[in-house]
Amino acid sequence: MNSLKLLKEHDISITEFRILLLDELLKAKEPMCFDEFKTKANKTTFYRTMEQFLQKKIVHKVELDGKGYYQINKGNNALFICDICHHTQDLPLPKIDKVEVNSVLVKGVCKDCKGSE
Ligand SMILES: [Zn+2]
């Protein structure tokens with residue numbers, strides 16, 4: 001998967017900024033918030049771009065402490081996210097009778113953070 005292909009597949013016009021953002025997200029192992037991106041832009045542009053990626057389902061967004069964290073959408077997924085260090089871990093998607101589950105977010109404290117308390 002590369003950023004250029006993602007943009008083309010989702011009918012989003014290609015700009016250097018969008019490619020840089022997607023490149024960072026594709027490399028990231030964990031969801032990223034505005035402050036964590038090396039690609040700098042003003043907040044308005046950043047959030048507008050992310051909003052577009054969300055609409056096209058290129059990314060997932062999780063809210064944590066009032067901040068939006070973004071991650072590449074790899075299809076239906078379930079995610080555990082640590083409230084303290086924001087470490088994430090993929091979980092198996094739960095099966096719920098007569099319901100189509102698209103995404104699940106489980107919040108808690110990971111074993112590393114739990115151990116140091
Ligand atoms: Zn943690």
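Helices (H or I, at least four residues) and strands (E, at least two) are DSSP runs, numbered from the N terminus. The model is predicted, so local features need pLDDT of at least 70 and side-chain atom pairs count only at pLDDT 80 or more, while totals for chains, interfaces and linings use all residues. Residues are numbered from 1 along each chain as its sequence is written, and side-chain values use heavy atoms, with hydrogens and water left out.

Q: Where is Lys57, and is Lys57 buried or exposed?
A: Lys57 lies in the loop between helix 3 (43-55) and strand 1 (59-64). Although Lys57 is not a glycine, its phi is positive, about 60°. Buried means under 20% relative accessible area, exposed over 50%, and partly exposed in between (1.4 Å probe, protein chains only). Because its relative accessibility is 60%, Lys57 counts as exposed.

Q: Is His86 buried or exposed?
A: His86 is placed in the loop between strand 3 and strand 4. Its phi is near 65°, a positive value in a residue other than glycine. Since its relative accessibility is 16%, His86 counts as buried.

Q: Which residues coordinate the zinc ion?
A: Donors are N, O and S atoms within 2.8 Å of the metal (3.2 Å for Na, K and Ca); water is not among the atoms, so sites may look incomplete. Along the chain, the donors of the zinc ion follow the spacing C-x2-C-x24-C-x2-C. At 2.2 to 2.4 Å, the coordinating atoms are the SG atoms of Cys82, Cys85, Cys110 and Cys113.

Q: Why is the arrangement around the zinc ion tetrahedral?
A: Four donors count as tetrahedral if all angles lie between 85 and 135 degrees; four count as square planar and six as octahedral if opposite donors are over 155 degrees apart and all others between 65 and 115; anything else is irregular. The arrangement is tetrahedral because the four donor atoms around the zinc ion subtend angles of 108 to 112°.

Q: What area is buried between domain 1 and domain 2?
A: The protein chain is divided into domain 1 (3-72) and domain 2 (77-115), with bounds from an automatic or database domain assignment. Contact means heavy atoms within 4.5 Å, and 10 residues of domain 1 are in contact with 11 residues of domain 2. Buried area is the accessible area (1.4 Å probe) that two parts lose on being put together, summed over both. Carbon and sulfur atoms give 55% of the area buried between the domains, which is about 810 Å².
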